[in-house]
Amino acid sequence: MAELGSKGVTAGKIASNVQKKLTRAQEKVLQKLGKADETKDEQFEQCVQNFNKQLSEGTRLQKDLRTYLASVKAMHEASKKLTECLQEVYEPDWPGRDDTNKIAENNDLLWTDFHQKLVDQALLTMDTYLGQFPDIKSRIAKRGRKLVDYDSARHHFEALQTAKKKDETKIAKAEEELVKAQKVFEEMNVDLQEELPSLWNSRVGFYVNTFQSIAGLEENFHKEMSKLNQNLHDVLLGLDKQYSGNAFPVKAQPRKKTKLFARLRKKMSSDSTPAKANKSPSPPPDGSPITSPETKTVNHELEPSTLEAPGASIPKSPSQSSLPAVVVETFPATVNGTVEGGTSSERADMPPGFLFKVQAMHDYTATDSDELQLKAGDVVLVIPFENPEEQDEGWLMGVKESDWIQHKELDQCRGVFPENFTERVQ
């Protein structure tokens, strides 16, 4: 019988809850249709908006903090692998081997300590801070339901009072239900009205403490890591001094194609033979100008000393004073076949076809007559190859800025140089 009684109570509770849900649903429909007024509290609604904003910001901060911690852990693993690599390549007879091992060990301890303190002082605090939101969110929702119950009870009581045929028993019962609903609602409302503003104001102190903790931990971590890095630097400096004769050189990419100026000299040498000279055209007896289909052909293999600025004419020899000047055609400047500049980018103080400036980061000793000799700090004005096919990968054509300012001549100053010895500055 007790079991049945228990089931009866449970069934009654369920029925009561179902009835409450139906009543609330009906009340909300009437309020939306404007057939029933709704109790409003703008101050509380503002508190709820602040609560939702605070929850959203806190959730995002928690997510980003977890991402940050994952990154710290990944950096720890990467740093550990790097120091392990150093330990493996550090040969037993090299000075400072024990020091490098100790540095690697302390490096690992620093990362581990940093990660753990971030968890304890930031992430766990973050979790505690957000832990209070679910309960308050549930109470806000419950307060909303109790407000609907209160409005429903109020409307029911008012309807009975204004009915033509009054039933005092029903009115009394309705009044009793109204008082009860109002009491439950007001108790929840008062508590939340006190808690929500307090929770909203607490966000300032929480953010301050959280980011101060992270900043302080980072500062100490980097300070200690800086000391370790300085120790490692000193150890490797000692190793470098002992093996200073085996410094690792910066090398240029090999040039696979025919040397540009060597090819030009060979061409000019073959063109200057007597047999070639006999083939030079002479003016017709009547003094009419010589015409040749080769006049408009751009010869990229002419000796650089014979080339002039774009659009200039080749000077006439004394024996050809009656001949018209041969105009050398120009094309847009290219690097690796790509148009980089042109007439619009040329300036009066720069060499023809000027593309950009680079600065030498290392000394470079020229290995051929067509290469530039560079010292660290030299500024080079990069210009295009007259024939893009002459350009080797990793090499640029240019003239040192100091030579250009002094001579304003490309013929004797320009040359090729390895790109990886320089850094673009303009």
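## Salt bridges and the model

A search of the whole structure finds eleven salt bridges, a salt bridge being a side-chain nitrogen of Lys or Arg within 4 Å of a carboxyl oxygen of Asp or Glu. Side chains of opposite charge can pair when their charged atoms come close.

Before we go on, please note that this is a predicted model, in which local features need pLDDT of at least 70 and side-chain atom pairs count only at pLDDT 80 or more, while totals for chains, interfaces and linings use all residues. Residues are numbered from 1 along each chain as its sequence is written, and side-chain values use heavy atoms, with hydrogens and water left out.

## The overall picture

The protein has eight helices and seven strands. Helices (H or I, at least four residues) and strands (E, at least two) are DSSP runs, numbered from the N terminus. Of the 426 residues, 30% count as buried; buried means under 20% relative accessible area, exposed over 50%, and partly exposed in between, with a 1.4 Å probe and protein chains only.

Contacts here are heavy atoms within 4.5 Å. Among contacts between residues at least 6 apart in sequence, 71% join residues at least 24 apart.

Helix α5 runs over residues 168–242 and has 75 residues. From its first C-alpha to its last it reaches 109 Å, close to the 111 Å expected at 1.5 Å a residue; the expected span is 1.5 Å times one less than the number of residues.

Where is the kink in α5 centred? Look at Arg 203, where the kink is about 25°; the bend at a residue is the angle between axes fitted to the seven residues ending there and the seven starting there.

The largest nonpolar core has 35 residues, and Phe 51 and Leu 196 touch the most other members. A nonpolar core is a set of buried Ala, Val, Leu, Ile, Met, Phe, Trp, Tyr and Cys residues joined through side-chain atoms within 4.5 Å. Helices α2 (42–89), α3 (97–131), α4 (133–161) and α5 each supply at least two residues of this core. Leaving aside neighbours within four places in sequence, Phe 51 is in contact with Phe 133, Ile 136, Lys 137, Ile 140, Leu 196 and Leu 199.

There is also a second, separate core of 24 residues, including Met 350, Phe 356, Leu 410 and Val 416.

## A closer look at the charged pairs

Within helix α4, Arg 139 and Asp 135 lie four residues apart, about one turn of the helix. Their side chains meet in a salt bridge (3.6 Å, N to O). Asp 135 is partly exposed, with a relative accessible area of 46%.

Another salt bridge joins Glu 401 and Lys 357 (2.8 Å, N to O). This pair links distant parts of the chain, 44 residues apart: Glu 401 is in helix α8 (residues 401–407) and Lys 357 in strand β3 (residues 356–360). Lys 357 is buried, at 14% relative accessible area. Glu 386 pairs with Arg 414 in a salt bridge, the closest N and O atoms being 3.5 Å apart. Glu 386 lies in the loop between β4 (379–383) and β5 (395–400) and Arg 414 in the loop between α8 and β6 (415–418), so the pair ties together parts that are 28 residues apart in sequence. Glu 386 is partly exposed at 33% relative accessibility, whereas Arg 414 is buried, with a relative accessible area of 12%. Salt bridges that share partners also join Asp 135, Arg 139 and Glu 195 into one network.

Start with Arg 66 in helix α2, a partly exposed residue with a relative accessible area of 42%. Not counting residues up to four places away in sequence, Arg 66 touches Leu 123 and Asp 127. Arg 66 and Leu 123 are 57 residues apart in sequence and 7.4 Å apart in space, C-alpha to C-alpha.

Finally, visit Lys 408 in the loop between α8 and β6. Most residues other than glycine have a negative phi, but Lys 408 has a positive phi of about 55° although it is not a glycine.
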